[in-house]
Amino acid sequence: MAELRQSLSLYRFLIAARVRAQLQYRTSFAIETVAAFLISFLDFVAILIIFSNVTQLGAWSVAEVALLYAVATLAFAFTDLVIGHLDGFPGLIRDGNFDLMLVRPKGTLFQVVTGDFQLRRLGRVAQALLVLAYALSALSIDWTPDRALVLALAVPSGVLIYGSVWVAVICVAFWTVEGREAANAFTYGGAFLAQYPINIFDRWLRTFLGYVVPMAFIAYFPALHVLGKTDPLGLPAVLQVASPAVALAAAFIASVVWRFAVRHYQSAGG
Amino acid sequence: MALIEVEGVAKDFVVHRARGRFRRERITVHAVQDLTFSVERGTILGYIGPNGAGKSTTVKMLTGILVPTAGRVSVGGLVPWDERIALARRMGVMFGQRVQLWWDLPLVDSLELLRHMYRVPADRYRDTLAALREALDLDPFIRTPVRQLSLGQRIRGELAAAMLHDPEILFLDEPTIGLDVVAKQRVRELLLRANRERGVTVMLTTHDLADIERLCSRILIIDHGRLIYDGDVNALKERYGTERVLVVDLEEPQGPLVVEGGRVIKVEGPRQWIAFERSRTNAAQLAAAVATRASLRDLTVEEPEIDDVVRRIYLETRP
């Protein structure tokens, strides 16, 4: 417990120091934040363009897809804010700077995750909140406590799922330096797919997204529950409230994969 | 039990080498072989050898970064790779080529972060930091982001970072690289004082042989993954550095002198370098002999350079 408190205070201090450093360049910060907002907004524009040709997408209306999109994007945006710098992880291995993490009195995963904090990524968070506000006003949801709870837990669960997938796939870097593109296919590719109702995808892709990389639990299943929709795929209803459990399981698996990979690094290295 | 114990340690790496267009060959590289030594608390140990000799592989095994292929390692009673975090609290590490400080933060923020990471109590941090600021002259750049520091400033910052939590063991890779003469001197004094006052054990690698001569009570020389010398600096000079050089400045330039017991190795205008074996003659006798053949203006005796000594050991031990 003391350990956790110490880690949190260290992380808080790290974020504060970084935010201070990043806000020193105000113009650059403003431009980058606005750019992040606009670029990520294009994803939603793409959905609107689809709906200008159809009224339904796999039995989902535009407002329903907006909710799905907002939850998925919000989860991804927070993940990106916290661990977006994991993109550079293969470089950390290649340059041998991972060594430094092994000589400090903290867990390596903690050090990697807290290695950076890019405030400008808040632009994407803002964009997702805007779409969420639109979705909630356009939909007339019959609010019940359990629906509110499922929606509230969907975002932190989603962050944990994205984060776990991200951590697990960057472990490839411990074996091959060229793993970055493969990792991106899962992280950014997965994030893109999670913004759409999974029932519109082919069966094999759906299985992959649902169970191997549990992206379906980020937005699709929670959205079904919140909207009170029947699952177009006819899957068990319990899946719709299973996101927090799936998230915890994903985090556990990611930490095991991480530990295994670090062990491999220690016996190889160079 | 010694502070550092290394027994029969080996480390192999498997590398793949392209052979033809598609085939790859697996090659096992023996980075370190059959390494055995121990280091008592309070030693300042120089660990030297050419690039690729296995120095950094050894240090990585001692600090818990790598697991050896064979053998036993104990540092402060801990197995480095199994008790990594417990060991990390007790040791300070500096890798000359790596930046441990946070790149985009001011130096002082990095130090404050490390204080949290190592849980240094606030009052002790204040004292230690004050001492380090003084000893390493950090004040002129302590508020500058690390990425804007010069190499010398950064190395001083890195050293402060490594010593902030009062470690009992310091592993330093090239601790004086990029420093000017004054800064080098400050760093050496800082290390000597830490060693004298708090009994800090230091293991350092360096290419600067003045570091070795000024700091180290003992040196290990490694080549091709094997230890080829373990002893003190003076004994090394005794054994391999028995040849000295008398440098004479003559009034007039002339051809190489012929003197009993000496051998001219270089002539540059009126200056000549005469090598001699200490066991056969001495500088005074040699100078007297020179004086009978030419008029002398000045003379100096050159001590053997440790890098010459090291080079001679390499040559002797190489098959």
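Which residues are buried in helix 11 of chain A? The views below take up this point in a predicted model, where local features need pLDDT of at least 70, side-chain atom pairs count only at pLDDT 80 or more, and totals for chains, interfaces and linings use all residues. Residues are numbered from 1 along each chain as its sequence is written, and chains are lettered from A and ligands numbered from 1 in the order in which they are written.

**View 1. Helix 11 of chain A and its cover.** The buried residues of this helix are Y220(A), F221(A), P222(A), A223(A), L224(A), H225(A), V226(A) and L227(A). Buried means 20 or more other C-beta atoms within 10 Å of the residue's own (exposed, 12 or fewer; partly exposed, in between), with C-beta atoms placed from the backbone. Because 8 of the 8 residues of helix 11 (220–227) are buried, the helix is largely enclosed by the rest of the structure. Helices are DSSP runs of H or I, at least four residues, numbered from the N terminus. The cover includes helix 3 (62–83), helix 8 (145–170) and helix 12 (243–267) of chain A. Just after helix 11, G228(A) takes a positive phi of about 65°.

**View 2. Where chain A touches chain B.** Here 20 residues of chain A are in contact with 24 residues of chain B. Contact means C-beta atoms, placed from the backbone, within 7 Å. On the chain A side, helix 1 (2–22), helix 5 (98–102) and helix 12 each give two or more residues. Helix 1 gives the most, with 7 residues.

**View 3. The domains of chain B.** Domain 1 spans 4–237 and domain 2 spans 242–303. These bounds come from an automatic or database domain assignment. The C-alpha centres of the two domains lie 42 Å apart.

Terms used: Two residues are in contact if their C-beta atoms, placed from the backbone, lie within 7 Å.
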